[in-house]
Amino acid sequence: MEYLLDQLLNGLSLGCIYAFIALGYTMVYGIIKLINFAHGEFFMVGAFAGYFVLSAAGIEAIGLPEPLPMILAFGIAMLAAALSSGVLAVIVERLAYRPLMGSSRIAALLTALGVSLFLQNVGIQVFSAEQRGYPEARRYIDLDDAADYVGQTFPGLAYATFTVTSPTGKDSEVREILAGPDKALTADAVAELKYKKDADGEPVGGFYVSSPFSHTAKTLIVIVSLALSFGLLWLLVHRTQFGRAMRAVSYNPEAAKLMGIQSTRVISMTFFVGAFLAGIGGIIWGMRYGKIEPFMGFMPGLKAFIAAVIGGIGSIPGAVFGGILLGVLEVLIPAYLPSEYSGYKDAVAFIALIAILLYRPQGLFGRFEGEKV
Amino acid sequence: MLEVKDIHVYYDAIHALKGVSLEVREGEIVTLIGANGAGKTTTLRAIMGLNPPREGAVVYAGQDVAKLDTPGRVGAGLILCPEGRQIFANLTVHENLRIGAFLRRDVARIERDIDEVYGFFPRLRERDKQLGGTLSGGEQQMLAMGRAMLSSPKMLLLDEPSMGLAPLFVKQIFEMIETIRSRGTTILLVEQNAHAALKIADRAYVMETGVITLSGPAAELAANPEVRDAYLGV
């Protein structure tokens, strides 16, 4: 039972990430009938933007009580991730897709594939192809201030990283836990740190306090963020002038012009909002799975596309439902199969795609249209 | 108010408008009648910038509008209520009206104006939250007219507002057109119901295969034997 619950939570958080990505797929398809295959790369760039902010931010404790600085750091990183993805999407739309407006769908589709490959390769050039470990949302405490924390326990962990040289002369990175929820920080531990060096031979100068949230708590945060984003998106689409304009352009671009709507602006904004959500998905992915690299957008992007098709492409609730369903299936099915099948995890999504295309091609929430891509 | 000067419009190789000129003065109802395929809709689309003329000019409120795109023309008060209604089927009746007011800044008055449209067409009020696509043809035409009114038109172009409607609806729509004019909106009306159109119009133009063949006061054209023969079915 506990195993089932754990796997269910894992599936839900994976599904939430798919949902975050699928929303952008479905919104862009809804408005210009384009499957934007570069969407997975927006997600990747978001993950990298979050990475750089979290690496740089040893958010100092500006006198705030314990978990707040962490939440602040995470919030800033998430915003940076979302904005980077959003801005990139606006640029891509302007340079690559807008000139093709009015040309055949296949031309736009191939361009989207091209943009996807292009962004992956730019990613390699800019970020290098190496996998990077994702930093945790953590707070840096300088040794000068450490005295204030002696005797305290921490909801997360307090730890230091430093380099030790073995008798054979080989350097290796060590992570030492100084304190935690059950273990108070001691003056001795702080005193010892003064003699530790980092990889460059400099004194370490301080230690980190990590996120106080448990695995389950993090999953719940992810679910709540998705619910919140979905709620805000729903309000945007159904309760604002922009949302009405979006739906009008999606239904009949020419009639929308006759209402005075600049459809190019609405389309651009739709790309922004969709990629903004993918950026949030990117940072959650990084925090959750711990590794990022420039090709990371490919598989999740493809899965999210499948999720959007399952939900009914063009449907916003469909994207959320399809994403969550796919994430849960993808975790639960291999979890209950003999372990030699665990390598077939990715097959689940594709089998689900084939099944939906055979039995309900318009998707679970979609209305039937004659022709689709 | 609106002057169309010798415009030529092409669809690829097809020369659809071959030098059309017409004028609508402030406060007038002018009707443009003619057979299917004569180029009436194309003329309205050219005025709105949806099919920009290759030659000739459209002058609105004293200015050549060539530099304005379609939304820009809408912003200047030049509104087209298009053929086939073009209701947003995926928006509710209320949202369709709201989107008509997309460019308006006087947000506080929009709800009041919507209420007024509902006063004219009580059936729309009953269907306030229904999707536009679920309305009957007549209701959709009312909605299209209401939506155009919400755009605060100074110059309203109406393309076949009575097409396919039951006689009761046709009567309501024509009453509505006169009401809109009485509030200071100038109207260019394209109609195949030439009888009704000539009755409410001040002046009229007759169009055949891309050119204007006749023009004059509406009453005069209504009495013209050629017009009576070809368009009034008498």
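## Aromatic pairs

Rings of Phe, Tyr and Trp, the last represented by its six-membered ring, are taken to pair if their centres lie within 6.5 Å, and planes under 30 degrees apart count as stacked, those over 60 as edge-to-face and the rest as tilted. In this predicted model, the structure holds 17 aromatic pairs over all chains. One of them joins Phe52(A) and Phe127(A), whose ring centres are 5.8 Å apart and whose planes meet at 40°, so the pair is tilted.

## Domains of chain A

Chain A is divided into domain 1, which is made up of two segments (2–135 + 214–357), and domain 2, which covers 138–210. Taken over C-alpha atoms, the centres of domain 1 of chain A and domain 2 of chain A are separated by 36 Å.

## Interface of chains A and B

Where the two chains meet, 18 residues of chain A are in contact with 23 residues of chain B. The area buried between chain A and chain B is about 2000 Å², and carbon and sulfur atoms give 62% of that area. Arg244(A), Leu258(A) and Met259(A) together supply 36% of the area that chain A buries against chain B, which is more than any other three residues.

Across the interface of chain A and chain B there are 5 residue pairs in polar contact, with both residues at pLDDT 80 or more. On the side of chain A that touches chain B, α8 (241–251) and α9 (253–258) of chain A each supply at least two residues, and α8(A) gives the most, with 7 residues. By class, that side of chain A has 8 nonpolar, 6 polar and 4 charged residues.

## Salt bridges

Side chains of opposite charge can pair when their charged atoms come close. Over all chains the count comes to 22 salt bridges, and between chain A and chain B it is 2. Glu95(B) forms a salt bridge with Arg247(A), their closest N and O atoms being 2.8 Å apart.

Within chain A, the side chains of Lys303(A) and Glu330(A) meet in a salt bridge at 3.2 Å, N to O. This pair also links distant parts of the chain, with Lys303(A) in helix α11 (residues 298–311) of chain A and Glu330(A) in helix α12 (residues 316–335) of chain A, 27 residues apart.

Methods
Residues numbered from 1 in each chain as written. Chains lettered and ligands numbered in written order. Predicted model: local features only at pLDDT ≥ 70, side-chain atom pairs only at ≥ 80, totals over all residues. Heavy atoms only, no water. Contact = heavy atoms within 4.5 Å. Buried area = accessible area lost by both parts, 1.4 Å probe. Salt bridge = Lys/Arg side-chain N within 4 Å of Asp/Glu carboxyl O. Polar contact = N/O pair within 3.5 Å; in protein donor to acceptor, adjacent residues only side chain to side chain. Helix = DSSP H or I, 4+ residues; strand = E, 2+ residues; numbered from the N terminus. Nonpolar A, V, L, I, M, F, W, Y, C, P; charged D, E, K, R; others polar. Domains from an automatic or database assignment.
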